[in-house]
Amino acid sequence: MFTFKNTARNLAALAALLVIGAAAPFAHAQGTLAGWGNDYYGQVSGPTADGGAFSRVAAGVHHSVALRTDGTLVSWGWDVQGQVSGTPTTGTFSAVAAGAYHSVAIRTNGTLVSWGRDGEGQVSGPNADGGTFTAVAGGGFHSVAIRTNGTLVSWGIDDNGQVSGTPTTGTFSAIAGGGYHSVAIRTDGTLVAWGRDNAGQVSGIPTTGAFSRVAAGVHHSLALRTDGTLVSWGWDGFGQMSGPNADGGTFTAVAAGGYHSVALRTDGTLVSWGIDDNQEVSGTPAGTFSAVAGGYRHNLAITGVAPAQQIQALEAAVQALVDGGARLPVAGQPLQAKLNAALAALAAGDTQGAIDSLTAFINQVRAFVRTGRLTPAQGQSLIDAARAIITALGG
């Protein structure tokens, strides 16, 4: 049985590209990290001693980086080019990404910071842009970001048009960096790709449908449709494309490794497919998770309750407030209706619809605080819990 106090605390806790030696998977309590695959440089086992709770995670070739729920960063694994020791130790961040041997993060004020290998300008490039950003992705030796106004900017190596091929018109909602190419989702839900196209990872892009998530490996790409189903294109030499087509489920997140892929099902469980010479597939852990990332030969995930279960817990929290005497109209029905809509959207595979309903929930909570129907503390606890679910959904 959920109580408001415990539910809020528990949900807040959730808010939460060679190949030598594979590590057995490890897993921890909710909000902490799980990893599997190649661990020669500690890119899998490194965070076991951190003991923190995390909201986002990214993986490169031999290093990993995560965003804690307090907004700080931690990196581990191979550090020959400063991809670990160069991690910022001050400030707070809202997003993080990893390229082959570099990392990029967005500060909470919207500005960018990068560290690690800069031989191709993948670190120093964005410093001259002077703008603010909402999303960032790392490719092999390039980076790409979405500005606050929805436009794109890329920097780093340009030997295959990774930078010069970046779209210069339109606005975008999501991006991914592959080995030598990039993929983005326009704000109308359609896809665009540019860069190296040796295996159809650019030209094979779907031209119909609407999409909410995108991922890119060395020579393959994946996207999540708004109905929660997956589509893949590019090179399939290790089954990194064709694997999920037989699954038959719906998904809330997808990630691409070098030659493998991994996705988060709507129920919070994981599925991986593609090359398995370092247990990238067979090492996939059981349990439920809230986020996932693919490295060259390893994967990372954040443990947690599936988004649908988190929403149900939030419904219980609202009911507990009503039972406790909160002066919510119609026994909290305006809030419960928005949470029910979020659950229905998830069940239909509509991740963006769920995010929109949760955003409406937050706005309604704020209105109830303004009118005195909820105390500021009650309202903030509900808002924090809803934001944690939105983060888990990629919003």
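## Helix pair

Helices α2 (residues 307-323) and α5 (residues 376-392) have axes that come within 10 Å and cross at roughly 170 degrees, and are therefore roughly antiparallel (over 145 degrees). Axes are lines fitted to C-alpha atoms over the stretch in contact, with angles from 0 to 180 degrees between N-to-C directions. Helices (H or I, at least four residues) and strands (E, at least two) are DSSP runs, numbered from the N terminus.

The contact (heavy atoms within 4.5 Å) includes Ile311, Leu314 and Leu321 in α2, and Leu382, Ala385 and Ile389 in α5. By class, the contact of α2 with α5 has 12 nonpolar residues (Ala, Val, Leu, Ile, Met, Phe, Trp, Tyr, Cys and Pro), 2 polar and no charged ones (Asp, Glu, Lys and Arg), with the others, Gly among them, counting as polar.

## Basis

The model is predicted: local features need pLDDT of at least 70, side-chain atom pairs count only at pLDDT 80 or more, and totals for chains, interfaces and linings use all residues. Residues are numbered from 1 along each chain as its sequence is written, and side-chain values use heavy atoms, leaving out hydrogens and water.

## Aromatic contacts

The whole structure has 8 aromatic pairs (ring centres within 6.5 Å, the six-membered ring for Trp). One of them, Trp78 with Tyr101, is edge-to-face (planes over 60 degrees apart), at 5.8 Å centre to centre and 65 degrees between the planes. Trp78 lies in the loop between β5 and β6, and Tyr101 in the loop between β6 and β7, 23 residues apart.

Methods. Angles under 35 degrees count as roughly parallel, over 145 as roughly antiparallel, 65 to 115 as roughly perpendicular and the rest as oblique. Rings of Phe, Tyr and Trp (its six-membered ring) pair if their centres lie within 6.5 Å; planes under 30 degrees apart count as stacked, over 60 as edge-to-face and the rest as tilted.
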